[in-house]
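Please consult the sequence and structure shown here before turning to the numbered points.

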Amino acid sequence: FSPPVPAPKLFISSTPYWSFRQSTTMLFQMCSPIYMCLLLWHGTLAQSPLLSQIGGLYLPNAYIDDVNSIAVDVDNRNIYATNTASGTIDIISYSECSGDDDCQLTITRSIDIQLQSSLYFSLDYISSVAYTSRGYMVATLIPLNYAHNSGWLVFIDADTGYIESFVQLKHCYSPKHILATGDGNKLVIACEGLADGDTDPEGSITVVDIEETDANEWR
């Protein structure tokens, strides 16, 4: 585990899939290859109806873009969608959505992960993104030469939408999925350990403790 490195604050622009949180929860479901339905989960699984559609998002570049993971920031009413084709994480606002009325989903901006991470490594794939109750969006990043180079995390401040830091995972190769504990203090990462030729790193689970306010104390 390496100490975080700061990132320049830079944005550019582009386009989502599914994820959910407890209580009032957002859920994406694929309606067709080029259309996404955004649904709202009311309360718990014991209640009915469980889902009601609150909006839709047309994806004109669905066959070009590669959106494989989303996470929802309920507090700021934003959806973060990883877009591997463009090397971005796109921020989609659903702030105008309420009740049973139709609403407009707006792609407000895209964070150019590929460009900003290039100061530290060459990005191959944005594999997963998750929301933490500490106010971060955290995405797992797989670098080029993934069997030789360990993976990274990028921390995005959910209130500002800006990158706070990149963190290298020294013993995690090809991080494929990330989850945060309920208190937001720990991140659990599945490290697939993809092989490349004769090089075959071991798969593993990495747990990162981010409870401390000072990111340099994260372990």
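1. How many residues lie between β10 and β11 in the hairpin they form, and which residue in the turn has a positive phi? In this predicted model, five residues separate the two strands of the hairpin, and Gly161 in the turn has a positive phi of about 80 degrees.

2. The pairing of strand β10 (residues 152–157) with strand β11 (residues 163–168) is antiparallel and extends over five bridges. Within it, Ile156 has Ile163 of β11 as its bridge partner. Strand β9 (residues 136–143) also runs antiparallel to β10, joined to it by six bridges; here Tyr136 stands opposite Asp157.

3. Six of the six residues of β10 are buried, so the strand is largely enclosed by the rest of the structure. Burial applies to both faces: one side carries Trp152, Val154 and Ile156, and the other carries Leu153, Phe155 and Asp157.

4. The largest nonpolar core comprises 20 residues, and Ile113, Leu141, Val154, Ile156 and Phe166 have the most contacts inside it. Two or more residues each are given to this core by β6 (88–93), β8 (123–131), β9, β10 and β11. The largest share, four residues, comes from β8. In soluble globular proteins, nonpolar side chains tend to be buried together.

5. Leaving aside residues up to four places away in sequence, Val154 touches Ile113, Met137, Val138, Ala139, Leu141, Ile163, Ser165 and Phe166. Another core, of 15 residues, lies apart from the largest one; among its members are Tyr136, Leu187, Ile189 and Trp218.

Technical notes:
Residues are numbered from 1 along each chain as its sequence is written. This is a predicted model: local features need pLDDT of at least 70, side-chain atom pairs count only at pLDDT 80 or more; totals for chains, interfaces and linings use all residues. Side-chain values use heavy atoms; hydrogens and water are left out. Buried means under 20% relative accessible area, exposed over 50%, partly exposed in between (1.4 Å probe, protein chains only). Two strands pair if DSSP finds at least two bridges between them. A nonpolar core is a set of buried Ala, Val, Leu, Ile, Met, Phe, Trp, Tyr and Cys residues joined through side-chain atoms within 4.5 Å. Contact means heavy atoms within 4.5 Å.
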